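Please keep the sequence and the model at hand while reading.

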Amino acid sequence: MKFLDEAKVYIRSGDGGNGCVSFRREKFIEFGGPNGGDGGHGGDVIVTAVNGLNTLIDYRYQQHFKAQPGGGGMGKDRHGANGKDMVMKVPAGTQIYEEDGETLLADLTEVGQTVTISRGGNGGFGNAHFKSSTNQAPRHANPGQQGEERTIRLRLKLIADAGIVGLPNAGKSTFLAAVSAAKPKIADYPFTTLHPQLGVVRIDQREFVLADLPGLIEDAHEGVGLGDRFLGHVERCRVLLHLVDGTGEHAGKDYKTVRHELEAYGHGLAEKPEIVALSKADALTPDVLKEQLARLKRAAGKTPLVVSAAAQTNVPGVLWALLKVIDGDRVASGETADAEAWHP
Ligand SMILES: Nc1nc2c(ncn2[C@@H]2O[C@H](COP(=O)(O)OP(=O)(O)OP(=O)(O)O)[C@@H](O)[C@H]2O)c(=O)[nH]1
Ligand SMILES: [Mg+2]
């Protein structure tokens with residue numbers, strides 16, 4: 001499935017139906033009186049977060065969403081039919097902005113959350129509504145209220161518990177493939193991954209969602225490489241897994257390059273808990289491993305983990321480190337009492 005995380009769509013709620021002017025006319029009944037019904041309500045435009053979606057790609061193909069107008073009122077006091085709502089389905093994690101792309105209208109973080117973005121117009125009153133003792137034969141009715149027309153922007157920020165960051169070729173996708181059922185593309189050239197991928201990691205009867213991001217390079221925040229536009233997807237992560245390629249030239253410098261981009265991006269990424277791991281350990285001689293590890297430790301200011309996703313060494317160790325942060329955070333936010341199940 002293709003991936004799209006931004007879309008601009010035009011929406012229009014339904015117009016209300018017009019009220020009706022009508023009089024009761026029956027044989028042998030005098031002064032039948034007004035009996036024009038009210039118009040129906042126009043349909044609303046509703047956005048709802050649903051399960052099983054993780055892209056906004058549908059909104060590339062359809063960009064206009066109109067709710068149905070209400071039906072007109074009719075004689076014999078018949079009310080017009082209400083217009084059908086237009087329901088737009090989006091993945092959880094979708095934010096809805098005004099056309100300017102800055103004013104946030106709604107943030108749908110959970111499946112089932114629903115917002116009405118645009119209300120349909122009210123139906124107009126029929127002439128039956130206007131009868132009174134002084135005006136027993138009103139000859140006017142209200143027109144229906146117009147629906148609203150507006151442009152909105154949808155922006156998806158994937159909901160993952162942990163996100164993998166690192167330079168291109170650091171082995172991010174290989175790691176995701178090793179720990180989940182996801183099948184990201186893996187190759188020995190930079191920018192193999194062009195958009196974020198999600199995988200579900202199962203460990204000790206628990207699970208969390210891990211996101212693999214495209215690689216970051218120096219000056220990504222200025223648009224170099226794929227830029228930092230995908231970093232939005234880790235904004236909601238509880239923890240980052242920073243993979244540093246052990247076969248790279250200088251693990252310490254590589255680490256700092258990525259840290260620098262996280263800081264330049266802002267939005268709290270630099271303050272997130274981070275698990276640092278030296279990857280591709282299987283491809284290193286003991287000497288090189290030692291040297292790279294020392295460089296990375298100096299740069300990160302903490303002892304990194306060592307992992308090889310290809311040879312499956314210490315992969316669980318990394319997962320446990322992530323899970324520990326995720327669990328702690330889940331408990332702190334009152335989401336789960338699962339912490340009792342956690343034995344270090
Ligand atoms: N020896 C060894 N090679 C690895 C390991 N992990 C990844 N590789 C190789 O490194 C190359 C890059 O791996 P990817 O997983 O595509 O790297 P990535 O970080 O996702 O790269 P981008 O998507 O381009 O940012 C591939 O040729 C992998 O086979 C590892 O643990 N050991
Ligand atoms: Mg990749």
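## A loop residue with positive phi: D219

In this predicted model, D219 belongs to the loop that runs between β11 (206–212) and β12 (239–245). The phi angle of D219 is positive, about 65°, although D219 is not a glycine.

In general, most residues other than glycine have a negative phi. D219 is classed as partly exposed because its relative accessible area is 28%, and that class lies between the limits of 20% and 50%.

The relative accessible area of K76 is 68%. A residue is called exposed when this value is over 50%, so K76 counts as exposed.

## A strand residue: T94

Strand β5 covers residues 94–98, and T94 is found in this strand. A polar atom of the T94 side chain lies 2.6 Å from the backbone oxygen of P91.

Is T94 buried or exposed? With a relative accessible area of 0%, T94 is buried, because buried means a value under 20%.

## The surroundings of ligand 1

Ligand 1 sits in the second largest pocket. The residues that surround ligand 1 number 22, and the closest are K172, S173, T174, T193 and D282. Sorted by class, this shell is made up of 10 nonpolar, 8 polar and 4 charged residues.

Which distances separate oxygen atoms of ligand 1 from N or O atoms in the side chains of K172, S173 and T174? For K172, an N or O atom of the side chain is 2.7 Å from an oxygen atom of ligand 1. For S173, the distance from a side-chain N or O atom to an oxygen atom of ligand 1 is 2.8 Å. For T174, the corresponding distance between a side-chain N or O atom and an oxygen atom of the ligand is 2.5 Å.

On its own, ligand 1 has 650 Å² of accessible area, and the protein covers 86% of that area.

Notes:
Residues are numbered from 1 along each chain as its sequence is written. Chains are lettered from A and ligands numbered from 1 in the order in which they are written. This is a predicted model: local features need pLDDT of at least 70, side-chain atom pairs count only at pLDDT 80 or more; totals for chains, interfaces and linings use all residues. Side-chain values use heavy atoms; hydrogens and water are left out. A residue is near a molecule or strand if one of its heavy atoms lies within 4 Å of it. A polar contact is a pair of N or O atoms within 3.5 Å; within protein, one must be able to donate a hydrogen and the other to accept it, and residues adjacent in sequence count only if both atoms are side-chain atoms. Accessible areas come from the Shrake-Rupley method with a 1.4 Å probe; for residues, only the protein chains shown count as cover. On a 1 Å grid over the protein atoms alone, a cavity is a set of points where a 1.4 Å probe fits but cannot get out, and a pocket is an open set with protein on both sides within 12 Å along at least five of seven lines; lining residues have an atom within 4 Å of a point. A molecule sits in a cavity or pocket if more than half of its atoms lie within 2 Å of its grid points. Ala, Val, Leu, Ile, Met, Phe, Trp, Tyr, Cys and Pro count as nonpolar, Asp, Glu, Lys and Arg as charged, and the others, Gly among them, as polar. Helices (H or I, at least four residues) and strands (E, at least two) are DSSP runs, numbered from the N terminus. Buried means under 20% relative accessible area, exposed over 50%, partly exposed in between (1.4 Å probe, protein chains only).
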